[in-house]
Amino acid sequence: MADLLRLLLRVAEKAANVARVCRQEAPLFQLLVQEKTGDDKNKKFVQDFKTLADVVIQEMIRHDVGAQFPEMAAFIHGEESNKFENGLGESVTVTVCGTEEDTAALLATVLDGDHTAASLLARAIHQDPESIDADTDGLTVPLGPSELGIWIDPIDATSQYIEGREEVLEEGRLSPSGLHCALVLIGVYLRSTGEPVMGVINQPFNYKDPAGGGWRGKHFWGVSCGSINVCSVSRPKGGPGAGLSAVLSSSEKPVVKEALTSLCGPDKLMYASGAGYKILCVIQGLADVYVLSEGSTFKWDSCAPHALLRALGGGVVDLTKCLQSSSQAQEPQMELTYHQPNTDRKGAERWANRGGLVAYRDVSQLRSVIGPLKDKL
């Protein structure tokens, strides 16, 4: 598992580099944006974009993990379809080839013969990143690759990535929107139970290098398996009495906003973009809980950050199941799992977190949120 974690940290940094390269080259970026259609369209956003960067990142992770752990290859799932249509109306299946030249040639067919753009992308895909500092030595987890599956969200908060607004992040403060909300999410789950056991989050646009002006990223990781709970983020300080804070989507139902305003007070109710970023805010202690009443997130959004929260003693539960339960205890069956589709749905909806969710760091905070929502939803 330590080898797998090191590999995922490396491929997440490669992915972040691809995301940065795509934003740096304006003509390339214009070529990348395509709208999702049909069963793959996420119904929450009127104009939800699929980018070639998304597909390339997903396939790169699939390629690199499959090469080192072949027994996982059939269990690496992503948000994106790897079929792409070029300007001639030709459908091209995007994969990562054995050499940079072959990948560039394939990408050029997607990019209508734009060999400059294709070469830039191929170079980023095949380039090994700088070494990642992560204290994974001595991490032993009694699980083999054949027991595990992976969920990839290549660029979560795609709309923020495309809009590209630059924000300077303040230590200890949640920043509601901007490039920093775009995250690479790689979550590992147990095939038998669907429990999230490892997560890697890469924030490609964390800060600008004062020397060169280029974007630099930040990574977060966690492992939660039985008695082993290790996370790169330490538990935030600040005990009871500090007052509960919550983060929501700005499009959340008014009834939820009202209930949580009464509970938290208007100053402690915050809004932010991107499901992954909102759960990261809970991980970092910028908010105590993230509440979502809609079934508008998916397994690829929540798997990676869920593993980090578990490592910190928290979790992500199905909101509907919690509201229906008469028990005060937070029962394990209310935690989201990642191995079974919604068999009565099609396309992306097969993997939706249909009951909404609550992400929390502390079970007492979860309970204090569920009570006020019980008779409202």
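I began with helix 9, where 13 of its 13 residues are buried (buried is under 20% relative accessible area, exposed is over 50%, partly exposed lies in between, with a 1.4 Å probe and protein chains only). A note to myself: this is a predicted model, where local features need pLDDT of at least 70, side-chain atom pairs count only at pLDDT 80 or more, and totals for chains, interfaces and linings use all residues. Residues are numbered from 1 along each chain as its sequence is written, and side-chain values use heavy atoms, with hydrogens and water left out.

**Helix 9, continued.** I took helices (H or I, at least four residues) and strands (E, at least two) as DSSP runs, numbered from the N terminus. Next I checked the length of helix 9, residues 299-311. Just after helix 9, Gly313 has a positive phi of about 95°.

**Helix 7.** Which residues of helix 7 are buried? I got Val256, Ala259, Leu260 and Cys264, in a helix that runs over residues 254-264. Looking down the axis of helix 7, I see these buried residues fall within an arc of 115°, so they line one face (the arc is that of the directions from the helix axis to the C-beta atoms). An α-helix has 3.6 residues a turn, so residues three or four places apart point the same way. On the face turned away from the buried side I noted the exposed Pro254, Glu258 and Ser262. The buried residues of helix 7 pack against strand 11 (246-248), strand 12 (269-271), strand 13 (289-292) and helix 11 (363-373); contact means heavy atoms within 4.5 Å. Just after helix 7, Gly265 takes a positive phi of about 90°.

I looked up the unreviewed UniProt entry, which lists Glu79, Asp153, Ile155, Asp156 and Asp301 under "binding site". They span 223 residues in sequence, yet no two of their C-alpha atoms are more than 9.7 Å apart, so they gather at one spot. Glu79 sits in the loop between strand 3 (76-78) and strand 4 (83-85) and is buried at 16% relative accessible area. Asp153 is in strand 6, residues 148-156, and is buried at 0%. Leaving aside neighbours within four places in sequence, I found Asp153 in contact with Glu79, Leu183, Val184, Leu185, Trp300 and Asp301.

Note on methods:
UniProt positions are given in the numbering used here, feature names are shortened, and annotations may be inferred rather than shown by experiment.
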